[in-house]
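Thanks for coming, everyone. I have a few local features to walk through. Let me put the structure up.

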Amino acid sequence: MKQIVYNGEMDPRLCKDVLGTTIADIVDHDPDAIFLDADLMSCSGTLKWAKEHPERAIDCGIAEANMAGVAAGLAVAGFKPIIHSFGPFASRRCYDQIFLSGGYAKNDITVIGTDPGVTATMNGGTHMPFEDVALYNVLPGATIIDASDPTCLASVLRQCMARKGIKYIRVGRKQMARIYADGSELEIGKAVTLREGKDAVVFAAGIMLHEALQAAKMLEEEGISVAVVDCFTIKPLDADTVEAWAKKTGAVVVAENANRHGGLYGSVLEVLGERCPVPAACVAVEDEFGEVGKQDYLQKRFGLTAQHIVEQVKKVLTRK
């Protein structure tokens with residue numbers, strides 16, 4: 001079951017702490033589960049637990065491609081590897097190994113990429129993956145999750161242990177807006193309607209859910225009714241829910257903390273093009289590299305705010 005409790009406030013928990021405790025609990029209770037990190041256990045909230053369980057937690061050093069290969073070998077031997085690094089290194093740096101030794105070889109690996117998009121903040125453009133979703137989107141059979149909040153993170157990570165193929169989870173390490181009550185379970189592959197509406201729908205994921213819900217509130221004050229749908233599973237996308245809301249509202253906006261090319265927006269457009277052609281627009285990163293800055297600045301810099309969503313909804317409504 002799941003309970004929506006969004007009120008605009010931040011979840012008091014850090015995502016990295018929930019990540020660390022969830023990984024520890026999974027590995028402690030499943031003899032086949034094993035955790036690998038690329039010299040970032042302090043960043044994944046696993047350092048203390050890993051020191052106490054050196055046989056179940058492996059620090060592969062700053063060698064992400066090798067870590068992916070080790071994970072593939074462990075999968076062949078019957079283990080269920082979970083690997084972690086920052087988003088750019090968990091995607092583009094080890095992509096060939098994940099693609100071939102993981103996906104092509106039909107090995108089951110859970111990949112966690114932290115601080116995606118603008119949540120990389122002061123680590124700057126080199127650590128700011130806008131392209132990670134697009135890369136994993138073209139990996140056959142892959143699952144892509146953009147976690148909604150810490151509760152969603154814990155739920156989907158546990159499900160990934162029994163899910164086949166490559167699973168990529170992107171999530172920030174700091175606080176996120178609280179969307180779901182503690183203990184809520186969110187089924188991978190099923191979108192969640194957070195708010196009803198009749199004039200337009202915003203499909204959003206990750207940190208953009210908070211922005212979408214704030215935008216819907218702002219638009220309501222102007223007499224515009226906007227639905228908000230949590231598409232935390234980017235692949236496989238819940239095409240039926242996308243189609244249903246598109247038909248109901250006739251206007252679509254997609255909001256994501258990633259490059260507009262090859263991500264959630266592209267997946268939604270495929271559904272609209274094949275099933276229900278309606279006016280659509282997106283609030284996402286354009287054809288740009290990242291840069292250094294605090295998150296609030298970066299969200300404004302790259303157009304990832306509630307105000308930008310409001311503007312796109314109004315524009316798309318003129319095309320209905």
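Thr121 is buried, because its relative accessibility is 12% and buried means under 20% relative accessible area, with exposed over 50% and partly exposed in between, using a 1.4 Å probe and protein chains only. Thr121 sits in the loop between E4 and H6. Those labels are DSSP runs numbered from the N terminus: helices are H or I with at least four residues, strands are E with at least two. Its phi is positive, about 40°, although Thr121 is not a glycine.

A word on the source. This is a predicted model, where local features need pLDDT of at least 70, side-chain atom pairs count only at pLDDT 80 or more, and totals for chains, interfaces and linings use all residues. Residues are numbered from 1 along each chain as its sequence is written, and side-chain values use heavy atoms, with hydrogens and water left out.

Asp115 is in the loop between strand E4 (109-114) and helix H6 (132-137). Asp115 has a positive phi too, near 55°, and is not a glycine. Buried or exposed, this Asp115? Buried, because its relative accessible area is 3%.

Why point these out? Most residues other than glycine have a negative phi, and most peptide bonds are trans.

From Lys235 to Pro236, it is cis, with omega near 0°. Pro236 lies in the loop between strand E10 (233-235) and H9.

Now H9 itself, residues 239-249, which includes Thr249. Thr249 counts as buried because its relative accessibility is 3%. What lies 2.9 Å from a polar atom of the Thr249 side chain? The backbone oxygen of Trp245. Setting aside neighbours within four places in sequence, Thr249 is in contact with Gly197, Lys198, Asp199, Ala200, Val201 and Lys320. Contact means heavy atoms within 4.5 Å.

Last, a helix pair. Two packed helices are described by the angle between their axes and the distance between the axes. For H3 (residues 64-76) and H5 (residues 95-104), the angle is about 10° and the axes are 8 Å apart. H3 and H5 are therefore roughly parallel, a term for angles under 35 degrees. On the H3 side, Ala65, Ala68, Gly69 and Ala72 meet Gln97, Ile98 and Ser101 of H5. The residues of this contact divide into four nonpolar, three polar and no charged.

How values were computed
Polar contact = N/O pair within 3.5 Å; in protein donor to acceptor, adjacent residues only side chain to side chain. Axes fitted to C-alpha atoms, helices over the stretch in contact; angles between N-to-C directions. Parallel < 35°, antiparallel > 145°, perpendicular 65-115°, else oblique. Nonpolar A, V, L, I, M, F, W, Y, C, P; charged D, E, K, R; others polar.
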